[in-house]
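This briefing covers a helix pairing and a set of charged side-chain pairs. The sequence and the structure come first, and the notes follow.

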Amino acid sequence: MALTRAEKERIADSRLKIQSVADSLKKVDPKKLQDFEEIQTCLEDADKSLLETLRSDSGPNRH
């Protein structure tokens, strides 16, 4: 089922928020944050998943 324009905007906004958090964490000493690497991986995976959702919805068969 195709995403609505509002849903696409929400997903795009969520991606920007995730990217902002990831960028902010780069400024934190990894030794001071428990599970730093796992958190980074989770954020990267979430970003990729949301991006794939947007890409798959905007394929050539979508209107």
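In this predicted model, the side chains of Glu52 and Arg55 form a salt bridge, with N and O 3.6 Å apart. Glu52 and Arg55 lie three residues apart in helix H2, so about one helical turn separates them. Glu52 is partly exposed, because its relative accessibility of 45% falls between the limits of 20% and 50%.

**Salt bridges**

- The count of salt bridges comes to six, and the Glu52 and Arg55 pair is one of them.
- A salt bridge also joins Glu9 and Arg5, whose closest N and O atoms are 3.6 Å apart.
- Glu9 and Arg5 are four residues apart in helix H1, which means that about one helical turn lies between them.
- Glu9 is partly exposed at 48% relative accessibility, whereas Arg5 is exposed at 68%.
- Arg15 and Asp47 meet through their side chains in a salt bridge, at 2.8 Å from N to O.
- This pair connects distant parts of the chain, since Arg15 belongs to helix H1 and Asp47 to helix H2, 32 residues apart.
- Are Arg15 and Asp47 buried or exposed? Arg15 is buried, because its relative accessibility of 16% is under 20%. Asp47 is buried too, with a relative accessible area of 15%.
- In general, side chains of opposite charge can pair when their charged atoms come close.

**Packing of H1 and H2**

- Helix H1 spans residues 5–25 and helix H2 spans residues 36–57. Their axes come within 10 Å and cross at roughly 155°.
- H1 and H2 are therefore roughly antiparallel to each other, as the cut-off for that class is an angle over 145 degrees.
- The crossing in which H1 passes H2 is left-handed.
- On the H1 side, the contact is made by Lys8, Ile11, Ala12, Ser14, Arg15, Ile18, Gln19, Val21, Ala22 and Leu25.
- On the H2 side, the contact residues are Phe36, Ile39, Leu43, Ala46, Asp47, Leu50, Leu51, Thr53, Leu54 and Asp57.
- By class, the residues of this contact comprise 13 nonpolar, three polar and four charged.

**Where the two topics meet**

- Arg15 and Asp47 are among the residues that make the contact between H1 and H2, and their side chains form a salt bridge with each other.

Terms used
Residues are numbered from 1 along each chain as its sequence is written. This is a predicted model: local features need pLDDT of at least 70, side-chain atom pairs count only at pLDDT 80 or more; totals for chains, interfaces and linings use all residues. Side-chain values use heavy atoms; hydrogens and water are left out. Axes are lines fitted to C-alpha atoms, for helices over the stretch in contact, and angles run from 0 to 180 degrees between N-to-C directions. Helices (H or I, at least four residues) and strands (E, at least two) are DSSP runs, numbered from the N terminus. Angles under 35 degrees count as roughly parallel, over 145 as roughly antiparallel, 65 to 115 as roughly perpendicular and the rest as oblique. A crossing is left-handed if the near helix is turned anticlockwise from the far one by less than a right angle, and right-handed if clockwise. Contact means heavy atoms within 4.5 Å. Ala, Val, Leu, Ile, Met, Phe, Trp, Tyr, Cys and Pro count as nonpolar, Asp, Glu, Lys and Arg as charged, and the others, Gly among them, as polar. A salt bridge is a side-chain nitrogen of Lys or Arg within 4 Å of a carboxyl oxygen of Asp or Glu. Buried means under 20% relative accessible area, exposed over 50%, partly exposed in between (1.4 Å probe, protein chains only).
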